Amino acid sequence: MGKLNNISDRNKGIIFIILSAFGFAMMSAFIKLSGDLPSFQKTFFRNLVSCIISFAMIVKYKESFFGNKENRKILILRSIFGTLGIILNYYAIDRLVLSDANMLNKLSPFFVIIFSAIFLKEKIKSNQAIAVCIAFIGALFIIKPTFDFEMIPYISGILGAIFAASAYTCLRVLGGKEKFYTVVFFFSLFSTVSILPFTIMVYKHMTIIQFAYLILAGIFASIGQFGVTLAYKYAPAKEISIFDYSNIIFSAIISIIIFNTMPDSYSFIGYFIIFTASYYMFLYNKRIKS
């Protein structure tokens, strides 16, 4: 901890956002390694672990379990959208190259721009509109539309990003009205309870190693969640958000080493285009907020 105290807050933020990206990349890897288990089952165990960890944090810091009454509608909406986003994302992870699935999920910030305009009446600036269009062009290189059943996992990945963006939009409405631990616990508990019936209906017997993979997925998901929270505690989004795309580098390395799969050239072009759009927005936001 002594060495960490000698690091500037901005660099601490960068370290934690990269740690978060690594956590989510490892979560995706363990979800994929757990095999052909139903997405409901994977989501259930992933969120059960997060629920236990966030419960412990609330007890430790003596925070509220269910938040203030006036915020519960938004907490419920955030939980519904977040749960659907995870299920769809896991479906995509199971069937696509890991870095492809994770890059499609990284489209969510661009959907946030759209949803913020629709529901929060925030004006879309021309620079943002251009970045959104460029990002979607990049997505087409990853998807490589064929208009057959092979597109279903890609569509699932995009829908996962849309629901994730809906959840993030709810968080923007919520602002700082609730503690992070409360939001995570509410979401994790809601998700765990709501998908339990579906998990029972489609439940597949797990080996010990599959169960271990799902527990590890939950642990690394929690590392990702807490990492990103600490990152934005130390530094504003405008200075460090771009480092979240290190997730794609980690995912590509994992794909090659563990799954022996390499994204094709079109996917790499798509990664480059989406990253360029994101980097442009990063520089734009940094300029207007400084």
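The largest nonpolar core comprises 53 residues, a core being a set of buried Ala, Val, Leu, Ile, Met, Phe, Trp, Tyr and Cys residues joined through side-chain atoms within 4.5 Å. Buried denotes under 20% relative accessible area, exposed over 50%, and partly exposed in between (1.4 Å probe, protein chains only). The model is predicted: local features need pLDDT of at least 70, side-chain atom pairs count only at pLDDT 80 or more, and totals for chains, interfaces and linings use all residues. Residues are numbered from 1 along each chain as its sequence is written, and side-chain values use heavy atoms, without hydrogens and water.

Leu 104, Leu 107 and Phe 110 have the most contacts inside the largest core. Beyond its neighbours within four places in sequence, Phe 110 contacts (heavy atoms within 4.5 Å) Ala 131, Val 132, Ala 135, Tyr 245, Ile 274, Ala 277, Ser 278 and Met 281. Another core, of 6 residues, lies apart from the largest one; Ile 14, Ile 17, Ala 231 and Ala 235 are among its members.

The disulfide count is 0, with a disulfide defined as a pair of cysteine sulfur atoms within 2.5 Å. The sulfur of Cys 51 is 19 Å from the closest cysteine sulfur, that of Cys 170, and therefore too far for a bond. Cys 170 is likewise in no disulfide. Cys 51 is buried, at 9% relative accessible area. Cys 170 is also buried, at 8%.
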